[in-house]
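Please look over the sequence and the model below before reading on. The report that follows takes up a helix, then a strand residue, and then the cavities.

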Amino acid sequence: MNKNDNFKEIKAKEISHAIDVIDNIQKSDDPYLRYKTGRPITDIKEMFESSVRKYGDNIAFRQKFHKGEPYTEITYKEALDDVNALGTALINRGLSGKRISIIGETNYQWESTYLAVIGGVGIVVPLDKELSKEDLKYLIKDADVSAVFYDKKFASMFKEILDEGDTSLKYLISMDVDDEGTSGSISWKGLIREGKELLSSGDRRFIDAEIIADEMAVILYTSGTTGFAKGVMLSNTNLVENLMAAPTILNVNSWDIFFSVLPVHHTYECTCAFLMPLYKGASIAYMEGLKYITKNLEEVRPTMLLGVPVLIETLYKRIWKAVREKGKEKTLRKLLAINHQTRKFGIDISRPFTKDILKVFGGRMRVIISGGAAIDPDILQFFNDIGIIAVQGYGLTECSPMAALNPDVEKDMRNSSVGHVLPGMEVKIVDMNEDGIGEICFKGPNVMMGYYNNQEATDEVLIDGWFHTGDLGYVDEDDFVYITGRKKNVIITDNGKNIFPEELEYELSKIPYIKESMVWGSDDEDSSNSKSIVATVTLDEDEVKLALGENYTPEDVDKLIWSELDKLNARLPFFKRIRKLVIRDHDFDKTTGKKIKRFVEENKKGN
């Protein structure tokens with residue numbers, strides 16, 4: 001069998017598998033799989049090309065390429081032309097089969113580059129734009145990167161890395177739209193121009209590139225909140241399995257507009273707010289920056305927003321602050337309580353009263369999805385009560401990332417759950433305690449290939465095909481997943497009781513005067529045989545001023561917070577009660593994913 005025949009055989013199997021995935025979904029009697037209109041796809045290249053055939057004249061991307069100008073709209077057909085040209089130019093530069101990194105803001109240049117690299121050039125290695133030069137150089141060396149596409153603010157940094165000469169780095173490519181790639185420099189824009197000339201002369205090396213779906217396509221570096229960076233190896237199969245599965249539980253329409261606010265080097269944004277809308281024929285609109293978010297929402301009038309809890313909680317607090325300033329808090333709370341009941345019968349009485357709130361989101365927002373960490377279920381319920389579907393999902397980079405998602409039909413939503421297990425996945429709980437809580441494990445075709453150049457770390461988490469997440473929780477009879485905490489974070493008392501700090505942090509998040517918190521166990525100074533539960537918190541200054549006035553003292557704040565902790569402790573078992581309080585005047589150290597670096601903070605004694 002020659003190479004071409006072998007590839008045809010592999011492709012036939014991939015197509016057969018993708019058809020089976022969709023067929024199994026359509027035959028499923030799972031009541032939570034409502035939307036079964038997906039199409040079989042084998043890889044990201046085929047996904048995008050088939051979307052162009054199906055939705056070619058739809059707007060795929062909306063972006064402001066310069067401050068102050070209106071949004072530019074780019075159709076699916078136009079985007080494919082750019083991707084094909086970019087991929088052709090990269091192959092012509094000798095980068096076929098190479099590792100290519102992308103670093104910078106979430107925008108069309110970043111995402112079109114990703115599509116080109118994964119679509120027939122080589123392996124894409126997204127880089128975190130918040131990392132230091134030393135960290136970035138380490139990742140470039142570790143992944144054997146040959147080329148980097150970068151925002152202009154990284155130009156000098158990568159020039160230094162290139163000049164130091166101890167990496168395989170060969171090409172530096174500017175994604176600045178004003179860089180035409182002249183005078184010997186290489187640019188995204190210049191490569192597209194170069195590629196279009198090659199295509200017009202009949203160059204089909206990229207267009208005809210063979211994609212084997214089970215081979216490594218992406219190396220995504222992640223360290224979570226602790227530890228050294230690990231390169232998660234994902235294949236095209238891993239990614240497309242997520243794309244075919246997730247929209248069976250939560251509907252995505254070809255007329256939806258996703259408002260992109262998160263960094264795309266994180267797999268949550270990359271899969272769910274970039275690749276997913278392209279699979280479904282929807283549109284992606286990019287935010288100019290956080291200070292422009294309100295203006296951009298008014299301009300784009302999006303229908304879908306994916307965020308992390310801190311962003312959604314901030315929007316929630318801003319809404320209630322504005323309502324309080326108008327003296328309408330009690331009225332709105334009563335209205336929402338009534339509306340929560342009437343909506344069960346299909347009657348929404350809130351619209352005349354909440355239209356100003358909905359205008360903040362542009363007036364057409366229909367879905368908000370929270371991911372990345374736990375969110376207060378009451379916040380999700382608030383948005384549902386004002387007419388915006390709000391749910392949370394659960395995923396990890398190692399799962400490409402989605403593993404569970406809540407339905408978009410309110411009667412089926414479980415706000416305290418991170419969601420229903422996606423079709424095609426299996427879940428189990430291992431090392432279960434007497435309360436039925438143990439480590440959550442997943443098996444499925446979206447689970448990673450392993451950690452790049454790190455078999456030891458791979459073997460620790462991939463056991464007999466099951467990915468051990470490190471998250472603790474349980475699964476109910478309907479396959480909804482509930483998270484109680486991280487395995488590494490559990491505080492074990494001297495009498496063997498387990499305390500999940502995340503549980504207490506969730507309770508602390510309900511206290512209006514607390515902005516963020518971290519709960520940890522400290523050896524009791526009065527006894528060598530016991531632990532004291534400590535809460536380190538930062539303050540919501542606006543709420544504190546509202547309660548105490550402008551001229552409060554540290555003692556006043558301490559008393560205010562303790563009055564709330566006393567109420568909380570009264571509801572908790574004795575061994576879970578918070579014994580010590582640390583109020584800090586600066587933010588916690590965080591990962592670039594905005595998660596608190598728990599062990600870094602604990603080593604500082606919470607200060």
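## One face of helix α10

In this predicted model, helix α10 runs over residues 293–300, and its buried residues are I293, N296, L297 and V300. When one looks down the axis of α10, these buried residues fall within an arc of 105°, so they line one face of the helix.

Just after α10 comes R301, which takes a positive phi of about 50°.

Is F442 buried or exposed? This residue lies in strand β17, which covers residues 438–443, and because its relative accessibility is 0%, where buried means under 20%, F442 counts as buried.

If residues up to four places away in sequence are left out, F442 touches Y394, A403, V421, M425, E426, V427, V447, G465, W466, F467, T469 and V481. A further pair that the reader can locate in the model is F442 and I22, which are 420 residues apart in sequence, while their C-alpha atoms are 20 Å apart in space.

## The largest cavity

A search of the whole structure finds three cavities of 30 Å³ or more, and the largest of them has a volume of about 60 Å³. Its lining is made by I44, K45, F48, E49, L80, V83, N84, L115, I118, G119 and F206. The elements that give two or more residues to this lining are α2 (44–55), α3 (76–92) and α4 (108–121), and among these α2 gives the most, with four residues.

Sorted by class, the lining residues of the largest cavity comprise seven nonpolar, two polar and two charged residues.

## The second largest cavity

Which residues line the second largest cavity? This cavity holds about 50 Å³ of space, and its lining consists of Y114, V218, L220, L234, L239, V264, H265, T267, C270 and T271. Two or more residues of the lining come from each of the elements β7 (216–222) and α9 (267–280), and the largest share, three residues, is that of α9.

In terms of class, the lining of the second largest cavity has seven nonpolar and three polar residues, and no charged residues. For the largest cavity, by contrast, the lining includes two charged residues.

Conventions
Residues numbered from 1 in each chain as written. Predicted model: local features only at pLDDT ≥ 70, side-chain atom pairs only at ≥ 80, totals over all residues. Heavy atoms only, no water. 1 Å grid on protein atoms, 1.4 Å probe; cavity = no way out; pocket = protein on both sides within 12 Å on 5 of 7 lines; lining within 4 Å. Points joined across faces, edges and corners; volume = space filled by probe spheres on them. Nonpolar A, V, L, I, M, F, W, Y, C, P; charged D, E, K, R; others polar. Buried < 20%, exposed > 50% of the residue type's maximum accessible area, 1.4 Å probe, protein only. Arc of directions from axis to C-beta. Contact = heavy atoms within 4.5 Å.
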